[in-house]
Amino acid sequence: MDHSHIGVTGSAGADTAALLLRLVLLLGTAFVAGTGLLRPLADRIPARVTVFTWVLAAVSAVLAAVSVPVLDVNVVGAAVHVVLVLAVPSALGRPGPARWLSAALILLLVLETAVGRSGVEFAVDTVYVAAAAAWFGVTVLSVAVPADQLRTDALRPGPLSLTLGGLLVLAGAVRLATSGIGFDRRVHESAFGIALLVVVGLPLLVTAVAAIRPGRIYRYGTVGIVAGFVAFSALAAIPRPAELPVPGVPVLGEASLGGQRVPVLISPQRPGRNLVHFPASAGDQLDVAVPGGTPVRALPRAGAEGTWAEIDLPAGRSEVLLRAGAAESTVDVDTGDQPGFASASGVDGPECASAALGGLITGRRDVLGSCPADALSNEDADALRKLVTFLDSRGAKGITLKADDSPRGVAAAEVVREAAAAAGLRIDADQQPENALVAVSGWAEAHRALTTAGAQQAESPVYAHGLYLAPWLLNTPLATSVTTTSVPLRFDPREQLPVSYAVAVGNAFGGESPTMAGFHTWLGTQSVEGEVQIYAAAQVTVMPMGPGEAHAPGMPMTEELAGQWVPKATVVPVSLPLLA
């Protein structure tokens with residue numbers, strides 16, 4: 001029976017009730033198991049111990065059954081739990097069977113609290129659960145059974161409790177050390193960290209007091225062990241705190257606003273101007289501010305998805321305030337003391353943030369040292385040269401070139417001009433009927449160029465040889481700003497890796513669509529580069545992937561595919577590989 005996850009329902013009351021159900025079930029089961037495990041310590045069991053154990057077993061059995069519909073636990077696991085927890089009190093009259101049934105129940109309890117964990121983590125959970133259950137058993141028997149009826153020749157309750165307390169402290173300390181937050185401020189600033197401190201601290205205090213003042217003081221210390229066990233059991237249901245921000249590493253966080261979990265990206269996380277990005281699914285009524293500052297509304301930006309706000313962050317540790325109506329949340333930042341660079345927050349900032357997002361969703365936390373618009377890659381330069389050769393072979397007379405003043409835009413424009421001169425093609429700044437439009441700018445300028453071209457085409461025939469984008473411009477806002485556009489690519493967006501990235505970024509950031517910048521960062525050391533082909537992006541959805549083509553895990557086999565590079569559109573090759 002898996003109690004390791006309690007899903008968020010959107011109702012704080014329902015989630016709290018589910019957590020309380022889990023904690024009472026596990027605690028009651030631990031007392032039953034501990035009592036049966038230590039049963040051989042007593043010559044005979046008083047009726048009150050049997051009644052007490054039966055009551056706890058009945059409560060645990062009922063809660064185990066209720067867990068099936070409420071917590072969506074495994075039916076078979078719940079049935080085994082019910083059988084074992086009721087078997088222990090029924091066997092208390094026979095020390096041997098009671099001990100072995102209790103051992104089996106403790107093992108089940110370990111599996112329920114440590115499901116999904118392995119290695120050292122599973123061993124730690126086993127020790128903690130078993131030691132706590134044994135402590136509870138010692139307490140029940142020493143309180144209810146007269147001292148002259150306890151078999152203290154083999155095991156004395158006092159020394160046994162000290163041993164169990166030591167095991168609890170050791171297991172808790174290992175759990176804290178392996179948690180990933182045991183040596184930073186999250187251990188005292190988050191609910192997860194505080195629960196870990198309770199797991200370690202209370203057993204340590206109880207054990208220390210019992211060692212200093214021997215006797216039956218351990219009985220009263222059971223309150224501390226109960227609190228430690230409850231905190232330990234609750235760890236699986238408490239959200240782990242986000243990673244501490246690292247200066248220069250963009251922050252991918254999540255805020256709770258009005259009952260909705262809203263992803264947020266803050267880039268470049270340096271002193272000065274920063275971008276705060278939300279997915280379109282978060283709505284358009286989000287405000288962003290720094291403490292004491294004026295709220296800034298997150299607004300759409302040309303060529304980019306979702307909404308964006310520009311704010312100035314101070315040096316060092318601070319927080320970003322997020323508001324949606326009356327709801328408010330914060331995201332911690334730590335910008336350090338080194339200034340950022342202009343391309344991370346200027347007109348090319350959204351593309352730079354998208355590149356950072358591609359790495360963050362893989363778990364990499366790399367310092368943002370440059371942006372895609374800062375330089376033209378050799379691969380993209382080669383693709384642009386081949387695009388010009390392709391246009392020449394199609395009979396184009398000239399190219400209407402749209403660039404910008406970014407280092408990449410300037411270099412790309414020069415590559416296109418040189419290739420056009422070699423092919424004898426004219427370069428124009430304005431539209432010409434016999435030309436092809438080629439955009440090599442950033443997202444914003446390309447969006448303006450395509451929007452203008454679309455309006456011109458609605459009035460009269462222009463750009464007879466089509467609209468073409470540089471490879472880095474393939475994203476949803478640009479591809480859907482006109483009916484059809486074309487891009488020179490080295491990979492098929494319908495292949496497994498591009499589709500996997502599209503699914504990953506959509507899942508991680510509120511349905512966000514893929515971008516070339518994010519894809520290259522997401523790939524890391526992987527590569528999907530092949531020969532350049534011209535791909536057409538058209539606003540049609542009648543060409544889903546065939547049954548024989550590779551699909552990413554979790555991708556639905558429907559027309560609205562989660563892994564589509566451009567949602568509600570198709571991107572397909574319209575040329576053979578361009579070899580020259």
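This is a predicted model: local features need pLDDT of at least 70, side-chain atom pairs count only at pLDDT 80 or more; totals for chains, interfaces and linings use all residues.
A bit of bookkeeping comes before the tour. Residues count from 1 along each chain as its sequence is written. Local features need pLDDT of at least 70 and side-chain atom pairs count only at pLDDT 80 or more, while totals for chains, interfaces and linings use all residues; side-chain values use heavy atoms, with hydrogens and water left out.

Zoomed out, the protein chain has 16 helices and 15 strands (DSSP runs numbered from the N terminus: H or I of at least four residues for helices, E of at least two for strands). Of its 580 residues, 52% are buried, meaning under 20% relative accessible area with a 1.4 Å probe, protein chains only. Take the contacts (heavy atoms within 4.5 Å) with a separation of 6 or more: 72% of them join residues 24 or more positions apart.

Now for the sheet. It is open and antiparallel, with its four strands ordered β1-β2-β3-β6; strands pair if DSSP finds at least two bridges between them. β1 (251-257) and β6 (307-313) sit at the edges with a single partner strand each, so one side of each has no neighbour in the sheet. From one strand to the next, the twist averages 30 degrees.

One to pick out is Leu257, whose bridge partner in β2 is Gln260.

Note on methods:
Buried means under 20% relative accessible area, exposed over 50%, partly exposed in between (1.4 Å probe, protein chains only). Axes are lines fitted to C-alpha atoms, for helices over the stretch in contact, and angles run from 0 to 180 degrees between N-to-C directions.
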